[in-house]
Amino acid sequence: MKPITSKVGVTICSFWPVILVYACLPLLLFYAGCPIIDLVAIVSSPTSAEQVEGSAEYDLSKNKDQKILVFVDQPAYLSAYPNLRFFLTDMITKTLQSKDKARISPALFINYQSLADLRANTPDFYTLPPTQVAGKLGADLVLVVTITDCKVRDISEGGHVAGTLDAYAALYNVSSGEKLWPTTEQSKLVGVGFESERRGRDAAIVRLAAAASHCVTRYLYNCPKAGFKISDERTASGW
């Protein structure tokens, strides 16, 4: 018998190779399942850029010419930690200048000594708003970090100490007084701490300042997702 032929002259037999492939497809997928699934996962996975970098809430790294003052406000009742203000200012500044982070030119920062001199020579310094202080020093932007609490306490075992630090942070335009970051009504809450530091109280203050610096600056440049959270960050579930 001759094979059945369509009006265009194509025989049913000519479709057998295609039919055979589709019939065997489930079996091929079964035996080659893992490699095929891996391939699909690779194709559909996020790009390396998506995995590596987060998105800044306010990207200070795009700042090319505006002068910045880092203003750390330390209340008088925290005078037991005299170097805390300096350490926190210094670490925030260095983080924002780092070539691996925000990469802001060091020339754009008002140096800490200029602020310290103004503080020492201005009788009513503590009554001035941070934007006014920044204006006196020629800054265009002021990053205000207000420390609300800091505690370093001794632990009985082996001379170790524990520490906590709480603060609020916000970025302002000096001339207008507008809050640029965060966009919410409240400033950004920062809470850091640890249960044990074996190197003593001075090391504990440096460690708290370093952790707080990271928790402030990570919102101001495209911080890598892998390094966004740190072990010294205090969370509601962990503390």
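This is a predicted model: local features need pLDDT of at least 70, side-chain atom pairs count only at pLDDT 80 or more; totals for chains, interfaces and linings use all residues.

Visitor: Which residues of H7 are buried?

Guide: Among them are Ala 203, Ala 204, Ile 205 and Leu 208. The buried set also includes Ser 213, His 214 and Thr 217.

Visitor: What covers the buried residues of H7?

Guide: The cover includes helix H4 (84-97) together with strands S2 (141-154), S3 (161-173), S4 (179-181) and S5 (188-197).

Visitor: And what does H7 reach from its first C-alpha to its last?

Guide: H7, residues 201-217, reaches 24 Å, close to the 24 Å expected at 1.5 Å a residue.

Visitor: Let us turn to the nonpolar core. How many residues are in the largest one?

Guide: The largest nonpolar core has 43 residues, and Leu 96, Leu 143 and Val 145 have the most contacts inside it. Strand S1 (68-73), H4, S2, S3, S4, S5 and H7 each give two or more residues to this core. Its largest share, 8 residues, comes from H7.

Visitor: Why would such residues be found together?

Guide: In soluble globular proteins, nonpolar side chains tend to be buried together.

Visitor: What is Leu 96 in contact with, leaving aside neighbours within four places in sequence?

Guide: Leu 96 is in contact with Leu 60, Ala 102, Arg 103, Ile 104, Phe 109, Leu 143, Thr 217 and Leu 220.

Visitor: On to helix H5, then. Which of its residues are buried?

Guide: In H5, residues 112-121, the buried ones are Leu 115, Leu 118 and Arg 119. These three cover an arc of only 100 degrees around the axis, which puts them on the same side of H5. They pack against S1, H4 and helix H6 (130-136). The face turned away from that buried side carries the exposed residues Ala 120 and Asn 121.

Visitor: What happens at the start of H5?

Guide: There, a side-chain oxygen of Asn 111 reaches to within 3.1 Å of the backbone nitrogen of Gln 113.

Visitor: One more residue: is Asn 63 buried or exposed?

Guide: Asn 63 has a relative accessible area of 11%, and it is therefore buried, the cut-off being under 20%. Asn 63 is found in the loop between helix H3 (48-52) and S1.

Visitor: Where does the side chain of Asn 63 reach?

Guide: The side chain of Asn 63 reaches the backbone oxygen of Gln 66 at 2.9 Å. Not counting residues up to four places away in sequence, Asn 63 touches Ile 68 and Leu 108.

Definitions and conventions
Residues are numbered from 1 along each chain as its sequence is written. Side-chain values use heavy atoms; hydrogens and water are left out. Helices (H or I, at least four residues) and strands (E, at least two) are DSSP runs, numbered from the N terminus. The expected span of a helix is 1.5 Å times one less than its number of residues. Buried means under 20% relative accessible area, exposed over 50%, partly exposed in between (1.4 Å probe, protein chains only). Contact means heavy atoms within 4.5 Å. A nonpolar core is a set of buried Ala, Val, Leu, Ile, Met, Phe, Trp, Tyr and Cys residues joined through side-chain atoms within 4.5 Å. A polar contact is a pair of N or O atoms within 3.5 Å; within protein, one must be able to donate a hydrogen and the other to accept it, and residues adjacent in sequence count only if both atoms are side-chain atoms. The arc is that of the directions from the helix axis to the C-beta atoms.
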